[in-house]
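Open the model in your viewer and keep the selection panel at hand. The stops below say what to select next and what is there.

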Amino acid sequence: MDVINSLYHGFATAITIQNLYLAFLGCLWGTVVGVLPGIGPVAGITLLIPATYGMDATGAIIMMAGIYYGAMYGGSTTSILMNIPGESASVITCLDGYQMTLKGRGGAALFIAAFGSWVGGTLSVCGLMLMAPLLAGFAMKFGPPEMFSIYLVAFILLSSLGTDFFKTMPMVLLGLLLATIGMDPLTGVLRFTHGAKHLYDGLGFVPIAMGAFGMGEILSSTQESTVGREVHKVKIREMLPTRAEMRASLGPITRGSGIGFFVGLLPGSAHIVSSFLSYLVEKRLADRPEEFGHGRIEGVAGPETANNAAAGSAMIPFLSLGIPTGPPAAVMMIALLIHGIRPGPLFITEQPDVFWGLVASMYIGNVILLILNLPLVGLFINLLRVPFRILFPIVLLICLVGTYTVNLDTFELIVLLCAGILGYIFRSCGLEIAALVLAIILGPGAEIAFRQSLMRSGGSFAIFFQSPIAMTLIAVSGSLLAWNMYRSFSKKPASG
Amino acid sequence: MTKERVGSIIFLVFGIYGLVLSLQLPMGSWSEPGAGPFPLMVSILLCLSGVKMFFSEQGTVAIDWRTICKQQQTPFQIVVLTAVFIAALDRLGYLLTSTLYLFTLLFWVSRYKVWISVVIAVSIGIGSWYVFAKLLATPLPEGWLKF
């Protein structure tokens, strides 16, 4: 009943003219970002951070969440109609979605993708509203040793983001080191500032995110081919799937919802992992798996449902524990911090309007996206006619001016430029930039928890093993570390 | 030289930098850790990771430096122009700097014709100035020319 009452108040918050407008704007911009290759949901959210300065926190997070799951919807449109994944989670949809278009069933694929996304997104929001308060309540019992143990698990999982644990772990460590720049929060000692006053407060999350995800992505994208491709047009009346296609989609949509929800709880690019995992599951369960890749509706229904479900459940650890598990949540956290709100165990009890307003708006947003994506598919496709050569200067300018508006300081632009260069170099070396940025965000909390634990125990590390929760989490960290080490060392060296 | 080794060198540089400077920070005691221990531990782990990655044999593909250098022209142009934008922003003001920045990117990097670059640069420059300075009431730099 408590959940129902809270949700009722959440809808009262979300169904205001301003918040509905922001939800619509977020969904629309998210769909545009999802359609356009070269600009992912992270860059899309980052670009709008400056626009949130004049908003209240509820409106800001409603809009940003809309961008995130809107991008999941938008990415499927170009995957299906043009064989171009609008964003990474839609790569797998190209395999069967485009083949369906070639067979004249592109409309049905779009419908199923949108319908599955709606189901996955809605079920995942149900999970969010039930699990997040429980998890937050549980986390209220956490002291510094327990918090540090959670951070340890998060860092080890972050290190599993990339293809090789031992290539991604240094990115996490580098992020932790960069997070120590500035004034030590406990003693006030300046670290790594070299006398520069601008660095007393650290590097700043916004220029790092804008640089690494915005500028870094653009620098990498300038090397990709921008040759135009054929755009297949779809009429509204061709969008309805047949009964057989609907029946065939129900199982993948159900399984995709579950897969996406649970994968979304884990750190990493959950929306990408969930869509790949769902595809593999559907192929394994199919009566004729050899038909996958040649236009099976299950190959669209499952992955598209999973990536939207993952986008919703990724909010759970972010809102209830204050641990963003992926780049989009990290950028949303930055936006909330700018508004003076820190997600975590106290967030739901101290800011119920923001939390329940967000939950209600996610229900509304999923409906908005279902309405937007089907009739307006032609409009979104036309966006692809805008050459990337025109788009990227505009995006760069928005990154620069958006970063400048945070503190009205050109030093932040220098940080953005350096982060952009580093992001580009790391991408070129095949290293996971998201791990670095997430570690920068989580690092200060981890260090404080570690030092407070030692202060409590008088310098004894036994404090981490005296609490059942901390001990369990450290055991989980140890197991994950051992597993990743085993996987890494057991890989055969590449030949040649 | 491989991509992994380039990455590992970057990690080693940061790790050694962190290690040297962390040793100069107050360490405190175990019961009251100072500002130094955490960055010191992270720097040591970073150096070890960098060394491990440098000597790793897995997934190594040698870098073709000629190809890599040829591919860097556009990113290099963008970085240089962005650096000039940052340097000129306070002196020339946002409106002029952003317009010149966009024009140079569109003309020099994207290789559009002069008139197309001018039209797009002026419209986006003025449009972005209006959005940020007027609608969002952000005090953007005006520069020496005061506009």
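Select B:Arg111, which sits in the loop between helix 5 (94–109) and helix 6 (114–135) of chain B. Helices here are DSSP runs of H or I with at least four residues, strands are runs of E with at least two, and both are numbered from the N terminus. B:Arg111 is not a glycine, yet its phi is positive, about 65°. Most residues other than glycine have a negative phi. Is B:Arg111 buried or exposed? B:Arg111 is exposed, because 9 other C-beta atoms lie within 10 Å. The cut-offs are 20 or more other C-beta atoms within 10 Å for buried, 12 or fewer for exposed, and partly exposed in between, with C-beta atoms placed from the backbone.

A note before going on: this is a predicted model, in which local features need pLDDT of at least 70 and side-chain atom pairs count only at pLDDT 80 or more, while totals for chains, interfaces and linings use all residues. Residues are numbered from 1 along each chain as its sequence is written, and chains are lettered from A and ligands numbered from 1 in the order in which they are written.

Now colour chain B by pLDDT, the predictor's confidence in each residue, from 0 to 100. The average for chain B is 88, and 92% of the residues score at least 70. Among the elements of chain B, helix 5 has the highest mean pLDDT (94), and helix 3 (residues 65–71) has the lowest (72). For the complex, the predictor gives an ipTM of 0.91 and a pTM of 0.77.

Next, select the two domains of chain B: domain 1 (3–63) and domain 2 (70–135). Their bounds come from an automatic or database domain assignment. The centres of domain 1 and domain 2 of chain B, taken over C-alpha atoms, are 38 Å apart.

Move to the place where the chains meet. Here 50 residues of chain A are in contact with 56 residues of chain B; contact means that the C-beta atoms, placed from the backbone, lie within 7 Å. On the side of chain A that touches chain B, two or more residues come from each of helix 8 (165–179), helix 18 (388–407), helix 19 (410–428) and helix 20 (433–457) of chain A. Which helix of chain A gives the most to this side? Helix 18 of chain A does, with nine residues.

Chain A has 22 helices and two strands. Its C-alpha atoms fill a box of roughly 70 × 60 × 45 Å along the principal axes. Of the 496 residues in chain A, 60% are buried.

Select A:Phe192, in the loop between strand 2 (190–191) and helix 9 (205–221) of chain A. A:Phe192 has a positive phi of about 60° and is not a glycine. A:Phe192 counts as partly exposed, because it has 19 C-beta neighbours inside 10 Å.

Finish at the largest nonpolar core, which has 190 residues. Such a core is a set of buried Ala, Val, Leu, Ile, Met, Phe, Trp, Tyr and Cys residues joined through C-beta atoms within 7 Å. Among the residues that touch the most other members are A:Ile61, A:Tyr151 and A:Ala209. Helix 6 (residues 106–139) of chain A supplies the largest share, 17 residues. Domain 1 and domain 2 of chain B each give at least three residues to this core.

Notes. Contact = placed C-beta atoms within 7 Å.
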